[in-house]
Amino acid sequence: MSSTPDQSIKAYGQPEMDEECKWPGFSGRILAWRKPGINIAIEYADSEIDSVMRSYTVCLIGCIGAWRNDVPEVFAP
């Protein structure tokens with residue numbers, strides 16, 4: 001849980017989604033990969049020094065379904 005966004009990109013390759021996000025109570029970056037055999041979404045929160053991993057979601061069958069409506073080009077089946 002201590003990787004940086006750059007380390008994750010180096011490990012998994014170029015993500016299908018790479019978004020800077022700002023909403024009340026959160027400022028950070030979301031990276032997501034959807035490829036054969038890999039369905040991962042990682043959320044990084046901005047800190048004073050660097051980005052801190054806040055969540056790491058893995059789905060074996062491609063069911064990162066909460067974002068299917070938000071980003072269908074990445075998450076729709």
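**Salt bridges in a predicted model**

Student: Is Asp-18, at 37% relative accessibility, buried, exposed or partly exposed?

Tutor: Buried means under 20% relative accessible area and exposed over 50%, with partly exposed in between (1.4 Å probe, protein chains only). At 37% relative accessibility, Asp-18 therefore counts as partly exposed.

Student: On what basis are such values given?

Tutor: This is a predicted model, in which local features need pLDDT of at least 70 and side-chain atom pairs count only at pLDDT 80 or more, while totals for chains, interfaces and linings use all residues. Residues are numbered from 1 along each chain as its sequence is written, and side-chain values use heavy atoms, leaving out hydrogens and water.

Student: Which residue forms a salt bridge with Asp-18?

Tutor: A salt bridge requires a side-chain nitrogen of Lys or Arg within 4 Å of a carboxyl oxygen of Asp or Glu. Here the closest N and O atoms are 2.7 Å apart, and the partner of Asp-18 is Arg-29.

Student: How many residues apart in sequence are the parts that Arg-29 and Asp-18 tie together?

Tutor: Helices (H or I, at least four residues) and strands (E, at least two) are DSSP runs, numbered from the N terminus. Arg-29 belongs to strand E2 (residues 26–35) and Asp-18 to strand E1 (residues 17–23), so the separation is 11 residues.

Student: Which element has the lowest mean pLDDT?

Tutor: pLDDT is the predictor's confidence in each residue, from 0 to 100. The chain averages 80. Helix H1 (residues 5–12) has the highest mean, 93, whereas the lowest, 59, belongs to helix H2.
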